[in-house]
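Thank you all for coming; today I would like to walk you slowly through one structure, so please keep it in view while I talk.

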Amino acid sequence: MNTEKLEEASATAIIGQKVLSGLEREYETWQEELNAAAADYPGYLGAEISPPTPLQPDWLVVYRFDSIAHLQAWINSATRQRFLDVGRKYFDGPATQQVVSGGTQPADPLVTVVVSHRVHPDHVDEFLDWQRRMSREESNFEGFRGTEFFRPIEGLQDEWTTLYRFDSAEHLDAWLTSPERQEVLAEGEKFSDFKLRTIDNSFGSWFAFKENGKEAPPPSETKTAIAVWVGLYPTVVLLTLVLSPLKMPLWLGLLVGNLLSSFVMSFLTMPYYVNPLLKRWLRPSPDEPAAKTNFVGLGVVAAVTVFWVVVFYAVTTQFWTLP
């Protein structure tokens, strides 16, 4: 499915930054503080930090705002500039920035490539024809899930931006390294000066909230890990109790238990227990202070964890002794 999203709606900025070796932890702390400052600005919808991966060698920061105007106000703000002045000691070279406006947030955990081209005004029609050829070739590859196309944004970004989505890193790599893509790239030699970023949301479908018909950005990796832990503990213990009468050997019990826990987590625990329980922490309101949100959210995490510990202690010591 190929679509062109040209209208202004929600706005996303993707910022790539190389970080000096040995300063990664300090950089991440600084970036989290910067993201917390962004939450105080009008129109803020969320921010994410992604460390380097085999697909993406830079640290990526994704900001989402409800409009280009609000995103631009944050990007150009004195607050952000003050943070950047402090954080330059962590940077290994200048950052790159890509901005898209409108578009859709996929419900599935897809791998997305963001490509930006700087195009001379006299070559726009030729560039559009070349992009359509690229999209047609791409759609023939396994795992292809769609393309979105974005025009330049006056005052914020001069580049044309395209989003390509695939269902896995393997299928994406097959397209990126294919002879068909190389042939199309050769045909558009004058557009060969481009920037490319890859974003992999491995836990995307576990954290999909909808309000007013809009898909919400996923939480940070730290919140993701804690939320998964909150759901995993009762799931694993309950499955262990259920499977214990079968008296399977350890290797088989773990194999069956892990398979069942994956299904239970994806279809029951996360959507019907963890996400509703921690929703205000995983996806806080933009006007709620981050410190208060984290205090309440971590309090809920501690309370439910203590609850399950007490329940399972009583069950396994007073009522049910495992073989």
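In this model, which is a predicted one, the largest nonpolar core has 25 residues, and those with the most contacts inside it are Tyr-27, Trp-30, Tyr-63, Leu-71 and Trp-74. Two or more residues each are given to this core by β2, α1, β3, β4 and α2, and the largest share, five residues, comes from α1. There is also a second, separate core of 20 residues, and Val-115, Val-119, Trp-160 and Leu-176 are among them.

Let us stay for a moment with Tyr-27, which, leaving aside its neighbours within four places in sequence, is in contact with Gln-17, Val-19, Trp-59, Val-61, Tyr-90 and Phe-91. Tyr-27 and Phe-91 are both buried, and they form an edge-to-face aromatic pair, 6.5 Å centre to centre with 75° between the planes. This pair links distant parts of the chain, since Tyr-27 sits in helix α1 and Phe-91 in the loop between α3 and β5, 64 residues apart. Ring pairs also join Tyr-27, Trp-30, Trp-59, Tyr-90 and Phe-91 into a cluster.

Finally, how do helices α4 and α6 pack? Helix α4, residues 124–138, and helix α6, residues 179–187, pack at an angle of about 175°, with their axes 10 Å apart, and because of that angle α4 is roughly antiparallel to α6. The residues of this contact divide into four nonpolar, no polar and six charged; including Trp-130 and Arg-133 on the α4 side and Glu-180 and Val-184 on the α6 side.

Note on methods: Residues numbered from 1 in each chain as written. Predicted model: local features only at pLDDT ≥ 70, side-chain atom pairs only at ≥ 80, totals over all residues. Heavy atoms only, no water. Core = buried A, V, L, I, M, F, W, Y, C linked by side-chain atoms within 4.5 Å. Buried < 20%, exposed > 50% of the residue type's maximum accessible area, 1.4 Å probe, protein only. Helix = DSSP H or I, 4+ residues; strand = E, 2+ residues; numbered from the N terminus. Contact = heavy atoms within 4.5 Å. Axes fitted to C-alpha atoms, helices over the stretch in contact; angles between N-to-C directions. Parallel < 35°, antiparallel > 145°, perpendicular 65-115°, else oblique. Nonpolar A, V, L, I, M, F, W, Y, C, P; charged D, E, K, R; others polar. Phe/Tyr/Trp six-rings, centres within 6.5 Å; stacked < 30°, edge-to-face > 60°.
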